[in-house]
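Here are some notes to read alongside the model. Keep the structure open and find each residue as it comes up.

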Amino acid sequence: MGTDIGQETPQSDLPEGAKFRLGKSSIIGNIVFSPDGTRLAVAGDIGTWIYDTESGDEVSLLAGHTEYVWSVAYSPDGGTIATGSYEEIWLWDSDTGQPTATLSEHRDYVRALAYSPDGSTLASGGADNIGILWDVATEEPKATLKGHSGSIRSIAFSPGGNTIATASSDEMVILWQAATGQSKTSLKGHTHVVNSVAYSPDGNAIVTGSSDGTVRLWDGLVTRRRNTLAEYKFYIWSVAYSPDGSTIAVGGRDGAVRLLDAVTGESKAVLKGHIGSVRSVAYSPDGSAIASASEDHSALVWELDS
């Protein structure tokens, strides 16, 4: 697809440590790297932009949704991109940029998407308060996750694929059996919307970020809270583990990306370059870069020191 839609983002105003500034629309959904790290998908109000992570060039625009795109996920083999908008999930061929299927069971915005590690299941969470597990082979729902009393904002599979975590505006995280969709336990303690949840690479820990300003760490095996890693005076929109599990990236309303020690919560670095809320953070698969997406109409790709 062409590159004449929207406004090109200048690279002359790059903050220190940033490799590219990308984006052509307000970003309140998530961003995600492709499994091989060569592409970055950025969900926005026009559609989902796909960028080359080496050059920063636009590869394609996945356009077709008639409403805002809230969520995007790559299949583990990189062949499919799933995007979530109002009541619909679209599946796209990542090579051609063409849609291949539409999944319609939600009754409100699809706020979160995640593929299982083996690629057999796509999990979706919506503002209709439910999660749906989709069979990738048949493109049909195989289980519905019912238990939240608020919008599901984030979904994560455990590294082994046996458990699914959902974060919600009802201030809880619920853990579900991936095979059956049955709830296992709830993580309670946040006092405002839980916007983001992520598993550590080894599956031993879960991190959550909330509008109550806290980043909390939970034991992923016995599902109890370990400690509050950090506490701020602003909303936390997104949290992400580095591939080696040593660092947690945090994006919040103050516009900075904060890198915290995953055990102690000690600050390792603060990346400043956005002028709006950072709604999503994502590590590249090899851990050499981190991307941040903001309401300021841009996504920054930061190069990280080894």
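1. **Ser60.** Start in strand β5 (residues 58-62), where Ser60 is found. Leaving out residues up to four places away in sequence, Ser60 touches Thr48, Trp49 and Ile50. Contact here means heavy atoms within 4.5 Å. Is Ser60 buried or exposed? Ser60 has a relative accessible area of 9%, so Ser60 is buried. The cut-offs are these: buried is under 20% relative accessible area, exposed is over 50%, and partly exposed is in between, with a 1.4 Å probe and protein chains only.

2. **What kind of model this is.** This is a predicted model, in which local features need pLDDT of at least 70, side-chain atom pairs count only at pLDDT 80 or more, and totals for chains, interfaces and linings use all residues. Residues are numbered from 1 along each chain as its sequence is written, and side-chain values use heavy atoms, with hydrogens and water left out.

3. The chain has 28 strands and zero helices. Both are DSSP runs, numbered from the N terminus: helices are H or I with at least four residues, strands are E with at least two.

4. **Inside and surface.** Of the 306 residues, 58% count as buried. The chain exposes about 12500 Å², and carbon and sulfur atoms supply 44% of that area. Accessible areas come from the Shrake-Rupley method with a 1.4 Å probe; for residues, only the protein chains shown count as cover. Now take contacts between residues at least 6 apart in sequence: 41% of them join residues at least 24 apart.

5. **Charges.** The chain has 21 positive and 38 negative charges, and their mean positions are 10 Å apart. Lys and Arg count as positive, Asp and Glu as negative; His and the chain ends are not counted. Each charge is placed at NZ of Lys, CZ of Arg, CG of Asp or CD of Glu.

6. **Aromatic pairs.** Rings of Phe, Tyr and Trp (its six-membered ring) pair if their centres lie within 6.5 Å; planes under 30 degrees apart count as stacked, over 60 as edge-to-face and the rest as tilted. By this rule there are five aromatic pairs. Trp90 and Trp92 form a tilted pair, because their planes are at 35°, with ring centres 5.4 Å apart. Both Trp90 and Trp92 are buried. The rings of Tyr235 and Trp237 have planes at 80° and centres 5.5 Å apart, so this pair is edge-to-face. Tyr235 is partly exposed at 26% relative accessible area, whereas Trp237 counts as buried at 14%.

7. **Positive phi.** Most residues other than glycine have a negative phi. Glu87 is not a glycine, yet has a positive phi of about 65°. Glu87 is in the loop between β7 (80-84) and β8 (89-93). At 27% relative accessibility, Glu87 is partly exposed. Glu171 also is not a glycine and has a positive phi, about 75°. Look for Glu171 in the loop between β15 (163-168) and β16. Glu171 is partly exposed, with a relative accessible area of 32%.

8. **Ala178.** This residue lies in the loop between β16 (172-177) and β17 (183-188). Ala178 counts as buried, at 11% relative accessibility. Beyond its neighbours within four places in sequence, Ala178 is in contact with residues including Leu133, Phe157 and Ile164. Ala178 and Ala143 are 35 residues apart along the chain, with 9.2 Å between their C-alpha atoms.

9. Leu300 lies in strand β28 (residues 299-303) and counts as buried at 0% relative accessibility. Asp36 is in the loop between β2 (31-33) and β3 (39-43). With a relative accessible area of 56%, Asp36 is exposed.
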